[in-house]
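The sequence and the structure come first, and the notes follow by topic.

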Amino acid sequence: MVLVICRRCPGSFCGTSPCPALIKHHVNKKLPGHTCEDYTLTAKKISTDRMAANFKLLKPLKYQAFCNPVAYIATRSVLFWNMGNSWWHRGQKHPEQSGRCYPARRVKSISDTASSQRVLTTNSALLGLGVHQASASKASMLQLGSPRNVRADKEDVEVFDSFEDTRVFLQLRPEYQLHSHNKSKICQPLSFSESELILHKVRVYQNNLQPQTIVDYFCKLSSLPAEQCPILRSKASFALLCHLSVKNIKSFDIPGLISILKALVNLEIPHSHPMLDVYETRFGHHVWEMSLDQLLLVADLWRYLGHRAPQFLKIFFSYLNLHWKDLSLSQLIHLIYIIGESRQVPQDLMQKLESLILKYIDSVNLEEVGAICLGFFKSSSSLSEFVMRKIGDLACADIQHLSSHALVHILKMFRFTHVDHVNFMKQFGEIAPQRIPSLGVQGVMHLTLACSALRMLDEGVMNAVAASLPPRVAHCRSKDIAKILWSFGTLNYKPPNTEEFYSSLINEIHRKMPEFNEYPEHLLTCLLGLVFAEYFPAELISVALSPRFVRLARERSKFELTKELYTLDGTVGIECPDYKGNRLSSHLQSEASLNLWNLARKDMNSKPEFLEALSFLETMLGGPQYIKHHMILPHSRSSDLEVQLDANMNPLPFNREAIPAEDKVNLKFKRLGVSLTDDLLNQLLKGKAKRHFQREIESETGQWPMKLEKAAIPLGSSPCNVADGSGAVEMAGLYPPAHVQAPLVKLAIQFTHRNQYCYGTRNLLGLHNMKRRQLVHLGYRVIELPHWEWFPLLKRTRSEKLAFLHEKVFTSDL
């Protein structure tokens, strides 16, 4: 139950609480007997009276509180209307993010029950739509236009209708009219008096109506002007007509069923209405009797209604698995569009459709290319590199006439497949800067994200993005902010207006914190993009590493975010010495470190070029104890080879784990069997103790000591890495104190590959650049074995490889 407090606020109007969690929590709480018209009228009254609605869970003092969830639901309805959603009935969940103007979510499939059972369960819901004429007439006063019919000013670049704007390709061939629905098609409008007469006949002849008569009535009523449809839907007579159609559904032929479904689209029946489940089941029974044009038309009508129709589509796709070769060009493109919007398809069918794409590839236009890419992208279906290169060639041939929407869709698919079509990206870089100012922020986000995913750094594109965003940052969703910051940080690029760009986005993160709490992965993406670029907003970092947010990120998000949290925490620990905020628990740090090391070790040990380099380095340095393969910075998600050198630039055997067991025994005997006397110390300092030292050990232990290169080189005593600083200290304890010294130089030898650099350059990407920055901060010297130098050497002689590695270790930047 919700308590609503209304009070007069002269000269201003405060909307509902911005807290989406609160809105979501109370969205389904209604009073019996109230319809959506009642709710919207209440909301309209609140708006026109310039009242502020504040929602409290407890009765406040000094104000009269009344228990009326209807006002809340009404305001919620207005909010969704204003955001571009469609009308909905009471008793049904709101189409949150699943309608025409939101990305569709995966929903639970409706169980396949008999039609007779559906008739029984639907009966009361259908009749419950009727209300008094007075309420209907009041509802007509509130005309909240459908987003599909009411388009905003074309100059508003932020307007994007995810329904209409993805269907442009349907207007480019007459063949599409055979299997798609055009709601804007002009027909003779039905007058209000004529609709009243039809509804009167329904009431009078309800027991004697023939199936074809019911179909005719639906078709005629669907010609009502759009502003009259809410009134019609609220009438009991119309609810009775819906009930009669369900009752007689087995008597309709296929054209009759399609005609009724078209009428329901034109009347804007809500997507969750229970009668649609009955029709979905019925259409599923007729799939194998329908033509491809009819099946595509029905699927398109379900798309118009916003009804997912999972059962119908499942049977439809089974049919297509046998008849896919019969698809024409227009049918293929339309089918791919429907597949993308439904987000469900068997992958074996998508492979068959890919072969058809190759068949028709020379006949498709650029908008159809965009539709193909969007359908495959939304259904998480990949296209082969060959097909993507053909698509890139088509786009390059006439890229000036490629619409911005199609351009974004094609880039999405290149991002998904990671195909590097250099000519396409070059031409994209030429046209994008001029288009970015006239593209909505969501489109800008997709362009920027595609550049980072493909590692393509085009300064012209990035500068245009950075210049266009600050004035319209308020239009960004949390996702847009996250992906844009991540892209700039990943490409390791700072635009000319760096301070303005980053400050505006950081300020917007603060303003959108309620939204980031709903999507915790977006906040972590933002912060990682910022730390790549050396921005450390302490307050936001402390929030992200707080126990509450960590719990939220691990429980609410559909992604595994532990490594993101660990990367952020480790970065703060090194680069922000004055940071006093929250940190990850030691348990989470250990868990993340172990998981990342297992992945890194498995990855590197599967690369022959790395194993060969490691083997040659061990040979050159004197054994595995002089080199260690581990994660110097575990939070950086990649491993390195560490080497430590003494004051004479000789390697130190600090890797205790690699020392053979028999040598460890000798080391222990040496520690226990040799007494460091003044005489022995003097001889050691004069450099004359080698032979005497060996005789002392032999007489004391009865064993010959290790070889000189193992025993004579002292061990470092400083911690060898951030994650495990105990190894060198433990090793030092095996030697007499006179042999203990700290390493003068700590080397981090990195074996790099091309995916760590921007495409076609030697500029490191953000994560790897950050890692080097932190290694230097900890006192390491980074030695790189780049792929452009090491790979050509793999075919050269052993001596050439050793000479290359010797030069890298002992002379590079030392």
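Two strands are taken to pair if DSSP finds at least two bridges between them. Helices (H or I, at least four residues) and strands (E, at least two) are DSSP runs, numbered from the N terminus. This is a predicted model, in which local features need pLDDT of at least 70, side-chain atom pairs count only at pLDDT 80 or more, and totals for chains, interfaces and linings use all residues. Residues are numbered from 1 along each chain as its sequence is written, and side-chain values use heavy atoms, with hydrogens and water left out.

**The sheet and its helix**

- Four strands form an open sheet in the order 4-5-6-7, with mixed pairing.
- At its edges lie strand 4 (628-630) and strand 7 (780-785), each of which pairs on one side only.
- From one strand to the next, the twist averages 30 degrees; axes are lines fitted to C-alpha atoms, for helices over the stretch in contact, and angles run from 0 to 180 degrees between N-to-C directions.
- Strand 4 and strand 5 (residues 640-645) run antiparallel and are joined by three bridges.
- Opposite H630 stands D640 in strand 5.
- Helix 36 (residues 766-777) packs on the sheet and touches strand 5, strand 6 (745-751) and strand 7, where contact means heavy atoms within 4.5 Å.
- The direction of helix 36 makes about 140 degrees with that of strand 7.

**A buried serine in a loop**

- S222 is found in the loop between helix 7 (211-221) and helix 8 (229-233).
- The relative accessible area of S222 is 12%, so this residue is buried; buried means under 20%, exposed over 50% and partly exposed in between (1.4 Å probe, protein chains only).
- The side chain of S222 reaches the backbone oxygen of C219 at 2.6 Å.
- With neighbours within four places in sequence left aside, S222 is in contact with A263, N266 and L267.

**Positive phi in loops**

- Most residues other than glycine have a negative phi.
- S380, in the loop between helix 16 (366-378) and helix 17 (385-397), has a positive phi near 55 degrees and is not a glycine.
- E534, also not a glycine, has a positive phi of about 70 degrees.
- E534 is placed in the loop between helix 25 (520-532) and helix 26 (538-544), and is partly exposed because its relative accessible area is 43%.

- N182 lies in the loop between helix 5 (133-139) and helix 6 (192-204).
- With a relative accessible area of 47%, N182 is partly exposed.
- N182 and L301 are separated by 119 residues in sequence and by 9.6 Å in space, C-alpha to C-alpha.

How values were computed: Polar contact = N/O pair within 3.5 Å; in protein donor to acceptor, adjacent residues only side chain to side chain.
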